Amino acid sequence: MRLKHTILATIAVSIINISCKDSTKREISMDEKVLSKTYQGESITHDFDAEIDALISQMTLEEKTGMLHGTSMFSTAGVERLGVPELKMADGPLGVREEISRDSWAPAGLDNDFATYYPAGGGLSATWNTELAYTFGFSVGEETRARDKDVLLSPAINIIRTPLGGRTYEYFTEDPFLNKKLTVPFVVGMQENDVAVCVKHYATNNQETNRDFVNVQIDERTLREIYLPAFKDAVVEAKAYSMMGAYNKFRGEYLCENGYMLNDVLRDEWGFEGIVISDWNAVHTSVNSLRSGLDIEMGTPKPFNEFYLADPLIDSIKVGKISEDEIDIHLKRIMQLMYTVKRMGANDRKKGIINTEAHFKDAYDIASESIVLLKNSNELLPIDASRIKSVAVIGNNAKKKNALGGFGAGVKTKREVTPLEGLQNRLPESVTINYAEGYQERYAPKKESVFGDVTQERVDTIDELDPKMLQDAIDTAKYSDITIIFAGSNRDFETEASDRADLELPFGQVELIKEVLKVNPNTIVVMIGGAPFDLGAIKEKSKALVWSWFNGSEGGNALADVLLGDVNPSGKLPWTMPKALNDSPAHATNSFPGDKSVTYEEGLLVGYRWFDTKNVEPLYPFGYGLSYTSFSIKNTKTDKNEYSNDDTILISLEVENTGEMDGKEIVQLYVSKSNSEVERAEKELKGFIKVMVTSGESKKVTLELPVKELAYYDVSQKAWTVEPGSYSLRIGNSSRNITSEVTINVK
Ligand code: BGC
């Protein structure tokens, strides 16, 4: 059963229908009394500690160290004679990666390692739907089991500090609150399948440039308030069973040997009982890394016995640098995890399922709520298929698949519906589709590009259009009733291990879009990508602009359903789209990417916190997204005016659907504190709820805000402190569209 460990919050969010057009609608609404759930994971088991001690006491030194490091690309050794199995892992955030060879990165070449391709992190976070985060986690957890793995190297939850980040598409958001609210259900859902998550990359891995060694400097308050909350809740609330130590350094120490981050914060403060697995090749010492809190070293390509936790560790034990008792602590943790996920000690381990229609439906559900309508003047959208005879579909991205590509983990899948196929599936036969590629995905040899003091190789593109292809696209658009251009990027362009050089759209797409718009003003531009681009010119010229993501097996169907109005778009941006790169905080403060060291000069003011505090207008703000209907948020009230520290503020309001179509709105709660004794961002997200409202109806929503959420991290006290005084609670549907405000007082 899916909701085994999911606890329904008593009063988290209640929705009461207050006006209905007919009784059927009343019934639907009344069923939805509680929308928001809280999710709680199950702790690591200690039931088998005595057995584990007995097993450890029988192991040789070689057997012990074999369990502490990769002995294949994605597994550690077991001890067969004692019945201890290998610990088996797989990537990753987009679904269970294909099987990799045991001793190289080459695919194993199997024919039974297909999996569902789920929407990338950006897509999930744009849904702002915590229940879909649970669905995603649960679904991919079932696939992990079906592939007989113990640990899935997912979710990837680093904060999006710069729009250029190569892994922006994989990560969730620039905001710590949205991040933690999605991470917890994801982790809980996945681990309900007798598998472990590996939450990555712990922590402060916010850039790919120099990721192997860059020394990240962040002040303590910013670390606690921005970069750690989702990792913390993954441990404290969701009970994540493993974490991945990142590549980079933090305050001078590599993350895989960072005693402060691994022992002090993760274990001692948060009570983490799982294991820390290194990123692949992120370990630099034997004794120091173990003592600092690492449990397993993974990586390649050197021989596995040369890993730091292999022969060099044996040597260290032999010369007395570290005792066997210290090693045993790590073995015990690893086996506790194995018992918890029932790799050991049980015969009722879940078996999982994979590639099922139910899983493709999960991928579809996430994709269909992730698509963000950025612009829709003249109501070009949704397309009324009964009024057109032809549609021009233009762009390489109409046919491009993104399950695989670039550097890093992808998914080998039997199903990836492209945008063009989605339209073919959904448009009636009376509409002719005229396709023209328009631009080609063309790359130049990798180019060195200079960022501050750093020169690094980056993906380089050829941005000239082929004149004949351009002409074809123009002709196709000219003679079609409407045009849809599928533009944006792909996973070869946005990729792990390299940040982008700028916000430019590659392959000459801006010129193509401008030329097509000249001949067919009824042109819808659909961006497919995972990270912000400079869309200024396109926003100005096109009437309709849609943002979609690397959106999983069913991405094309979901997109077609939104374009044709079978699904009303309800996604909102999980990051700020800047007008110019230098408007973004890391760039405005000239503190990206640093050199050997990078200091996060913007401090707390990450993402919209910067734009709103400094009054910089973004191209599209955080939390922004339109609908085919319109909503009005009214009657915002709190249950009291004054609260104490342990209270929960109840904010009630009504969401009215004032348009013609049923739809979902995301009500966002931002908090501001004027006259604060400490630095504060202009506003901070502290609550949200996604609510379905049928056309013409109103729903009453109650948001729950624990006063503790108002705390800042007091560095001198090493504690979270709620400052007394007044706070403004601002309700809106983006960080820049605040429609009501209530002031409360904290004693
Ligand atoms: C990535 C990880 C990934 C690992 C194994 C590393 O390069 O940073 O996210 O899980 O490789 O593929």
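Where does Ser104 lie? Select Ser104 and you land in the loop between strand 6 (87-91) and helix 4 (121-127). Helices here are DSSP runs of H or I with at least four residues, strands are runs of E with at least two, and both are numbered from the N terminus.

Before moving on, two notes about what is on your screen. This is a predicted model, where local features need pLDDT of at least 70 and side-chain atom pairs count only at pLDDT 80 or more, while totals for chains, interfaces and linings use all residues. Residues are numbered from 1 along each chain as its sequence is written, and side-chain values use heavy atoms, with hydrogens and water left out.

**Stop 1: Ser104**

Ser104 has 27% relative accessibility, so it counts as partly exposed. The cut-offs are under 20% relative accessible area for buried, over 50% for exposed, and partly exposed in between (1.4 Å probe, protein chains only).

**Stop 2: the whole chain**

Zoom out. The chain has 20 helices and 33 strands. Its radius of gyration is 26 Å, close to the 27 Å that the globule rule gives for 747 residues, so the chain is as compact as a globular protein of that length. That radius is taken over C-alpha atoms, and the rule is 2.2 Å times the number of residues to the power 0.38. Along its principal axes, the C-alpha trace spans about 80 × 65 × 55 Å. Of the 747 residues, 64% are buried.

**Stop 3: salt bridges**

How many salt bridges does the count come to? It comes to 52, where a salt bridge is a side-chain nitrogen of Lys or Arg within 4 Å of a carboxyl oxygen of Asp or Glu.

Select Glu63 and Arg81: they form one of these bridges, with the closest N and O atoms 2.7 Å apart. Glu63 sits in helix 3 (residues 61-66) and Arg81 in the loop between strand 5 (75-76) and strand 6, so the pair ties together parts 18 residues apart in sequence. Glu63 is buried, at 17% relative accessible area, while Arg81 is exposed, at 52%.

Next, pick Lys200 and Asp91, whose closest N and O atoms are 3.4 Å apart in a salt bridge. Lys200 is in strand 9 (residues 199-202) and Asp91 in strand 6, so this pair links parts 109 residues apart in sequence. Both Lys200 and Asp91 are buried.

Then try Arg147 and Glu99, which meet in a salt bridge at 3.2 Å, N to O. Arg147 lies in the loop between helix 5 (130-146) and strand 7 (151-153), and Glu99 in the loop between strand 6 and helix 4, so the pair ties together parts 48 residues apart in sequence. Arg147 is buried, with 10% relative accessible area, and Glu99 is partly exposed, at 21%.

**Stop 4**

Select Asp315 in helix 11 (residues 311-318). At 46% relative accessibility, Asp315 is partly exposed.

Finish on Asp325, in helix 12 (residues 324-340). Is Asp325 buried or exposed? At 59% relative accessibility, Asp325 counts as exposed.
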